[in-house]
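Have the sequence and the model open side by side as you read.

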Amino acid sequence: MTSYMSDAVSLQILLLIAVISHVSGVQKLTVTPERGTTLSISSTQAKDCKVCTGSGRSQQCATSLLLKDNSPVSLEFECPKPQDAFLVETVRNIECTTKSCSGHIIQADASSLPLQDFPRRFTWNIKASSLKAFKVDFTETRLRQISPSEGCPDKHTYSLRAFQTTGNIVVGKYCRGGTISNAQILNQGSFSLDVPAGQKLQHGQFDVSVGEEIKSLARISLTLPGDSLSSELLSPNYPDSFPDDDVMEWYFQVPDKFKADIRFVNVTQPQCLKKETAVEYHSKGRGALVESLDDPQPKQVQGSFLLTLRNCEMDRRRAHSPGLSLNFKVSASITSSSALCNVDLSKTEGLSLHVDNVRPDSDCEMKLNSETMKNITVVSKGELSFQDCLPGDVQVTATRVIECSYLKDCPKTPVKLLVPLLPSCLPAPLSSVTWTLRPDKDTTVKFVSPTGPLKQVIPGQPCNDSVLIKMDEERGPTIGLFSPKGAIQKVLIHTNVSVTWQSSMGQEALRTYFKHVLTATFEKEIQERYIFKVSLSRDTPVLVATPGWPVGMKSLSTVSWIVSVPPKMEAHLMFANLSQPKCKKSHTNIRVQRVGSPEEDYSRREYEEAERELTVSENFYLNMSNCVPEDGDFSVITKITLQKRTNVLLMIILSVVAALLVIFAIVLVVVCMVVRKKKKQLSHEVSIYNPAGTNFLPGQNGLPKTREDDESHVYDTIEDTLVYTHLLKKGAEIGIYGQSDTYQSFAGHTDSQKPLVSKDSSVNDKEAHQPYRFSSQGPPLPNRPPSHNQPMVSNEIYQTEKQSEEERSRNLGLRLEPEGGN
């Protein structure tokens, strides 16, 4: 009774909004859903108990109810103890963009206070943008994973779920107080809190933010040590199977002076159709370690690492076929280590080893030959000892100097630049090796990579390799940064040069790493300061930058690229990021010249407008030189791309053929237009013949017939240009016509001999008996000598049918066919 009165006092505010009564076994109350939430009341048992809304005839009862509106709703439960039959769930949605999320997880129960006697669940459904994960931060409270059958001491149990197309997956069940600092779930999922009936909700908040582009179902991050020095973890859906062909990740942050051990407590493995189950360990600065689930797992792991669990494509056809489930424990322990190392470098001339303490505030203590030092240099031999030195406390590097005063004193055979194999007792891996080559001023150093051409690494162009090669002038500017798998076959440098090999490989990988980086050869001097020999490939564009990019070239320095172009191909050059200075002395110059050609294909100085693109069809030199800048720098990036060579001769032939076709078409159109226009003109250009003093005008029905039955000798119209011209020309050649253009009358003319008549012009009666003249629009008569004057009647067109062939032959002499075939 005392407990009941105490609870009644604590719920005075609750009674203002909840009215509870028991009338004939029916419990009544009023709830108001919070804005932006969904309140779900669902039955957890198959009992005859319903929840009702409304009253009278409008009352509705069901085994579940969903409330969304932010307004009071009266509820009735038709059973004595509804809290044993119903679960109350409050759901809120959170949406994340690529930059932020619409809210956070805030534990509050304003809308479910009247339902405190019921078991309650608070769920936040969270959705990330495409291919992204959302992140829930537990830094303030930390969580620890428990088995599905366990409960939490404070009666607050958290759950993480991932929503996939194949279904919902329980990532894990958690309590407060542990080592888990945050969780990321790919794309969609939920975070929920279960509180038993009668338990007051603890207020709190978990921040929700945009996660990474993870490639797994989820990633749980832990910090060791946290509240405890060990953590027990379970695979998703435990003890049921982990999803088919899926990936789960756990990231462990292990502080300095701690080492981690991994132990598998319980493992079940499936029958695989494709791939294999595996566990992978990834550490920064170290290569990946892949282990099967049956193998012993790593011990004494230093530094943070990522543990990845991979499932295979499981065979589910067999009855009772086990899936994949894993229960494992990760524990951290403090270690105090000491190591003794004997280093011998005497076999390599000029080689030195350097061990530097990069964290003076650490507990790392280093000694050389029993003498404590912060920085150690070993030239030949030495005994080194390390006490409590972690990999992050020290940096290990090596240097070698190769020097010759004259070319005759330089090594006659190529010098191999090798990464030295150092003892494994060193606390950190070898991070870099630097070779310094100092030839005399008349000597050039040539570098060739034994593993294939090099690639120039330009800022913004990532190198997909764990090894970088840096070339610098000794105590001077940087020449360039290079990585394997490129197009630069040789590098020639006419100055003292330092070559630095840098690696991001870890300790384990470097212990077995013995690498031939470059081969150096001493040769006669070259005119340029730097020469790069480039061999192009068909599918990969090549980017080359001036030495020191993005810083400008050294004053008055020169660089050349000798580029090899495969047969039937041509190189397309594009000058990008071109920066020209204002020169104080001399000029900058960019020149392109084909190998063997006396003429330059391209040449530009700083004051000339440079073309951005150029195509070269043969092997060529690309040469650049700098001036003494007064203001600004000279720097260029050149992109060289191979493309199929254009057949110039074929293009010329095709162009000529196309031009001829166009000209032919134009001529054809012009001829057609001229002929059409001429025909229109000729339809109006006619001559009038007046026989026997009678006028005949155009439009009349022909000429009067003197011979009633035979009109074969009568012509209606004949075009002057098609008939008269060639007949008159032929007549002139054979002496028929004279020089006069007057029609000559002759004796014995009869009406039956009719000249050609046209229909388009008229003459008056007075002109009928005048000598006939050709129309002024007709073609002119040819010039004839006086001896050729003959009566026009002699022309064969004007002979009557009664004249015999023999008579015409006597008049005309030898018969000639007129031109034109008429």
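Start with C341 and C425, which are joined by a disulfide with an S to S distance of 1.7 Å; a disulfide here is a pair of cysteine sulfur atoms within 2.5 Å. This pair ties together distant parts of the chain, 84 residues apart: C341 sits in strand β30 (residues 338-344), while C425 is in the loop between β37 (415-418) and β38 (430-438). Strands, by the way, are DSSP runs of E with at least two residues, numbered from the N terminus.

Before going further, keep in mind that this is a predicted model, where local features need pLDDT of at least 70 and side-chain atom pairs count only at pLDDT 80 or more, while totals for chains, interfaces and linings use all residues. Residues are numbered from 1 along each chain as its sequence is written, and side-chain values use heavy atoms, with hydrogens and water left out.

Back to our pair: are its two ends buried or exposed? C341 counts as buried, at 0% relative accessibility, and C425 counts as partly exposed, at 24%. The cut-offs are under 20% relative accessible area for buried, over 50% for exposed, and in between for partly exposed, using a 1.4 Å probe and protein chains only.

How many disulfides does a search of the whole structure find? It turns up eight. Another one links C272 to C312, with the sulfur atoms 2.0 Å apart. Here too, distant parts of the chain are linked: C272 belongs to strand β23 (residues 272-274), and C312 lies in the loop between β27 (305-310) and β28 (313-314), 40 residues apart. The torsion about the S-S bond of C272 and C312 is about -80 degrees, so this disulfide is left-handed. C272 is partly exposed at 25% relative accessibility, whereas C312 is buried at 0%.

Now look at C404 and C410, a disulfide whose sulfur atoms are 1.8 Å apart. Its S-S torsion is about 70 degrees, so this disulfide is right-handed. C404 is buried, with a relative accessible area of 5%, and C410 is buried as well, at 2%.

Let's finish with the sheet. Four strands make an open, antiparallel sheet in the order β20-β29-β22-β26, where two strands pair if DSSP finds at least two bridges between them. β20 (230-234) and β26 (301-302) are the edge strands, each pairing on one side only. Strand β22 (residues 258-268) runs antiparallel to β26 and is joined to β26 by two bridges. To find your way in, look for K259, which stands opposite Q302 in β26.
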